[in-house]
Amino acid sequence: MKDIESRADLETLTRKFYNRLLADDSINFIFTDIAKINLEEHLPIITDFWELSMFHTGNYKNNPMHIHMELNDKKQLTSAQFDTWLQHFNATTDELFAGINADKIKTRALSIATIMKIKVSAI
């Protein structure tokens, strides 16, 4: 199995990951009913985020914490939802990739989920 090496790999990961999230009734409503994402518009933005996080390249300029705090204002996000997000992220990564960057992206995802859980529970 190959490692994450390029933006194309990140695109593959994010598409499969979001398809998995949107198929999970315990969490999909956050994306469809509350955030109301258009997947085809959202995926390049999320790929930009991961490209910046992993390779220090890309065009991501948003503040993900601010975006999730606004989302939390609409509907309280729970620790369990962050855990579900992380489980799907890790499972998708493990299904597609193996190596240093695959491990690195899972560590970054754990850090992001942990920080967001702390921030939204502090409100």
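Axes are lines fitted to C-alpha atoms, for helices over the stretch in contact, and angles run from 0 to 180 degrees between N-to-C directions. The model shown is predicted, with local features requiring pLDDT of at least 70 and side-chain atom pairs counted only at pLDDT 80 or more, while totals for chains, interfaces and linings use all residues. Residues are numbered from 1 along each chain as its sequence is written, and side-chain values use heavy atoms, without hydrogens and water.

**View 1. Packing of helix H1 against helix H5 (residues 79-96).** Helices (H or I, at least four residues) are DSSP runs numbered from the N terminus. The axes of H1 and H5 come within 9 Å and cross at roughly 135 degrees; the two helices are therefore oblique to each other. Angles under 35 degrees count as roughly parallel, over 145 as roughly antiparallel, 65 to 115 as roughly perpendicular and the rest as oblique. The crossing is right-handed, a term for a near helix turned clockwise from the far one by less than a right angle. Contact (heavy atoms within 4.5 Å) involves H1 residues including Leu 13, Phe 17 and Leu 21, and H5 residues including Trp 85, Phe 89 and Leu 96. The contact residues comprise seven nonpolar, four polar and three charged. Ala, Val, Leu, Ile, Met, Phe, Trp, Tyr, Cys and Pro count as nonpolar, Asp, Glu, Lys and Arg as charged, and the others, Gly among them, as polar.

**View 2. Packing of helix H1 (residues 7-22) against helix H3 (residues 39-55).** The axes of H1 and H3 lie 9 Å apart at an angle of about 130 degrees, and the helices are therefore oblique to each other. Their crossing is right-handed. Among the contact residues are Leu 10, Tyr 18 and Leu 22 of H1 and Leu 43, Trp 50 and Phe 55 of H3. This contact divides into ten nonpolar, four polar and six charged residues.

**View 3. Aromatic pairs of Phe 17 with Trp 85 and Phe 89.** Rings of Phe, Tyr and Trp (its six-membered ring) pair if their centres lie within 6.5 Å; planes under 30 degrees apart count as stacked, over 60 as edge-to-face and the rest as tilted. The whole structure holds eight aromatic pairs. Phe 17 and Trp 85 are edge-to-face, at 5.6 Å centre to centre and 85 degrees between the planes. Phe 17 lies in H1 and Trp 85 in H5, so this pair ties together parts 68 residues apart in sequence. Both Phe 17 and Trp 85 are buried, that is, under 20% relative accessible area (1.4 Å probe, protein chains only), with exposed over 50% and partly exposed in between. The rings of Phe 17 and Phe 89 have centres 5.1 Å apart and planes at 80 degrees, so this pair is edge-to-face.
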